Amino acid sequence: MENQFPNVLKFKPPNIPGGLVLRGVLALVVLAVLFSAWFTIEPEEAGLVLRFGKYVRTVPSGLHLKLPSPIETVVKVPVERQLKEEFGFRTEGSSGPRRTYSQEDLSAESLMLTGDLNVAVVEWTAQYRVRDPYKYLFKVRSVQKTFRDMNETVMREVVGDRSVNEVLTVGRQEIAAEVEQRLQTLCDQYENGIKVEQIVLQDVNPPDQVKPSFNEVNQAQQEREKLINQARADYNQIIPRASGQAQQTIEQAEGFATDRVNRARGDAELFVKVHAAYQRAPEVTRRRMYLETMSEIYPKVKRKVILDEKMKGILPLLPMAGAPEVKP
Amino acid sequence: MKEIRITVMILAAVVAVVVLSSALYTVGETQQVVVTQFGKPVGKPITTPGLKLKMPFTQTVHAFEKRFMEWDGDPNQIPTKDKRFIWVDSYARWRITDPLLFFQRLRDERGAQSRLDDILDGETRNTIAKNELIDLVRSTNRPFVVADDVAELSQPEAAERVEHGREKLTKEVLENARRRTGDLGIEILDFRIKQINYVEAVRQEVYARMISERKRIAERYRSEGAGEAARIAGEKERQLRVIESEAYRKAQEIRGKADAAAADIYAAAYNRDPDFYRFLKSMGTLRESIDPETTLILSTDSELLRYLNSAK
């Protein structure tokens, strides 16, 4: 290793006796150089060691040795940390359970055309990791900006192939899945060393100006359900009762019918019995019955007029104004 | 003598350091280098990283980026073939493939960016002006997934067929641009449309259309609700009539049957002796109809008073 760079490593300071200051300086330099030979890599990081700018090795987390600076330098890349990019919104900070969002207008990021040439506002988050630190560092310049551009492009491609209804309702999951897959393909193509972990669709909305009319549709939908439910309630209130009432009418008729027939049977039975007795002595029975009836009625009547056969003509003198009933 | 030796040694060391620092240079992983001598390129460009040597003082090192670089287009207002004005924001990835050629033609990145602006903006404009908006927005003729009955109401543009699609059009831009950058020592890896948006005036129109479309759907929901409610109300009315009339019919039938049965029973009994029946019924009627207010006029000839005058 040392033979590779003889000019640098075999440079020895001349031995100067008595040059204390010079010795001190040299000692300091040596110490500094030795210190720069140690380095630690945090658990979520990987260290890439460069020798004169050329990549030589990757080391995992822990304490490591390298040739002192400026021969070897270390670049640390957080390979285990999950990184996040937000589109259409920015989280400013999370105090407790609540997050605060930036008030900045980011509609340029989130406003996009759908396949039916409508406009939707899509906000999303891309979670990713650095899978290949070498590519991440050395293949693409401004990786983060590139990654954002890629996100916006892919999201618009996917949303552009869907109707606004699909984007707003049923298509969410599918969109996220397709963006994730296409984005990974693009990352591989760009060799940026990024592994897309997850695309999460946040708020997907119609543009603010159009929102009220979307709400109106929801409202109308509710209204429709309400009207139908009311009509059903009305139906349910009336019909079972009417059925009951109908049953009642029929039962009443049945009762009437039984009553009628039973009475007829009773009357008939009575007649038959009386008739049988009558037939045994018709003349007497008939007369008896007549006289019995009469003697029953007679005392009840207050006003009685008795006419003798020979005294006709009294009738017109009777005061008929009281309209009393005349019975034969 | 000793001091002279020391002085010489220090001097030699300083000279060595100066010379070395001029002769040695590092090429980073992200760099590629062109070495020139008095402005004239020397040897092949160096694309491998590491510690390198050159002639001190006379040679100069020009480092260039080796990674893919971004080109971010300015948002441009462009009319499509179907005369819709849209904002188009695009980006491209490019890199320096031939540092020497790049150095000669474009000098530096700024030069390259401005040349890329010319080429890519121009090609974008050409391609967009030749195509309809739908071709830029959609990539395929994938049929929309119909969520519910709303969707079929709101696809006035769904019938528009995509002839090329976004991917093909961006490839077209990319290929045309590549043809024009071949002799510049650069390669465009990819070109993409990042954003397409309506210009403000068109956007308002689109919003108005979206609103009216939603209103239409809302109206349909409302009239559907009213219609369904009316249907149920009608159904209720009909059902009510059916139930009530059915009950009436059944009741009358039952009563009729009972009346007929009663009539038969009465007839069967009374037919034994109609005359006696008449007599019996008359007696019953008399008993029931005579009350104290009645004035009774009786002849002495009557059965009851026959014996009023005499006992014969």
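**A helix to start with**

Guide: This is a predicted model. Start with helix H8 of chain B, residues 274-289. Its 16 residues should span 22 Å at 1.5 Å a residue, and the end C-alpha atoms are 22 Å apart, so the two figures agree.

Visitor: Switch to chain A. How many helices and strands are there?

Guide: Chain A has 9 helices and 13 strands. It counts 328 residues, and 25% of them are buried.

Visitor: And contacts in chain A, what share joins residues at least 24 apart?

Guide: 65%, counted among contacts between residues at least 6 apart in sequence.

Visitor: What is the strand order in the open sheet of 3 strands in chain A?

Guide: The order is E3-E2-E5, and the pairing is antiparallel. Strand E3 (54-59) and strand E5 (72-77) of chain A are at the edges. Each has a single partner strand, so one side of each is left without a neighbour in the sheet.

Visitor: By how much are neighbouring strands turned against each other?

Guide: By 30° on average, direction ignored.

Visitor: Give me one pairing in detail.

Guide: Strand E2 of chain A, residues 46-51, pairs with E3(A) over 5 bridges in the antiparallel sense. A:Val49 has A:Arg57 in E3(A) as its bridge partner.

Visitor: What about chain B, which order does its open sheet of 3 strands have?

Guide: E3-E2-E5 of chain B, with antiparallel pairing. The edges are strand E3 (40-46) and strand E5 (59-65) of chain B. Each of these has a single partner strand, so one side is left without a neighbour in the sheet. From one strand to the next, the twist averages 25°.

Visitor: How many bridges pair E2 with E5 in chain B?

Guide: There are 7 bridges between strand E2 (residues 31-37) of chain B and E5(B), in the antiparallel sense. In E5(B), B:Ala63 stands opposite B:Val33.

Visitor: Domains next. Which ones does chain A have?

Guide: The domain assignment gives domain 1 (2-77), domain 2 (83-209) and domain 3 (227-290) of chain A. Domain 1 and domain 2 of chain A each put 6 residues into their contact. On the domain 1 side, the elements giving two or more residues are E2, E3 and E5 of chain A. That side divides into 5 nonpolar residues, 1 polar and no charged.

Visitor: And how is chain B divided?

Guide: Into domain 1 (2-65), domain 2 (69-198) and domain 3 (202-259). The centres of domain 1 and domain 3 of chain B are 93 Å from each other, taken over C-alpha atoms.

Visitor: Now the two chains together. How many residues does the contact take from each?

Guide: 103 residues from chain A and 106 residues from chain B.

Visitor: Which element gives the largest share on the chain A side?

Guide: H8(A), with 38 residues. By class, the side of chain A that touches chain B has 51 nonpolar, 21 polar and 31 charged residues.

Visitor: Which strands pair between the chains, and do they run parallel or antiparallel?

Guide: E12(A) and strand E10 (residues 295-299) of chain B run parallel, joined by 5 bridges. A:Ile306 stands opposite B:Leu298 in E10(B).

Methods. Residues are numbered from 1 along each chain as its sequence is written. Chains are lettered from A and ligands numbered from 1 in the order in which they are written. This is a predicted model: local features need pLDDT of at least 70, side-chain atom pairs count only at pLDDT 80 or more; totals for chains, interfaces and linings use all residues. Two strands pair if DSSP finds at least two bridges between them. Helices (H or I, at least four residues) and strands (E, at least two) are DSSP runs, numbered from the N terminus. Axes are lines fitted to C-alpha atoms, for helices over the stretch in contact, and angles run from 0 to 180 degrees between N-to-C directions. Domain bounds come from an automatic or database domain assignment. The expected span of a helix is 1.5 Å times one less than its number of residues. Two residues are in contact if their C-beta atoms, placed from the backbone, lie within 7 Å. Ala, Val, Leu, Ile, Met, Phe, Trp, Tyr, Cys and Pro count as nonpolar, Asp, Glu, Lys and Arg as charged, and the others, Gly among them, as polar. A residue is buried if 20 or more other C-beta atoms lie within 10 Å of its own, exposed if 12 or fewer, and partly exposed in between; C-beta atoms are placed from the backbone.
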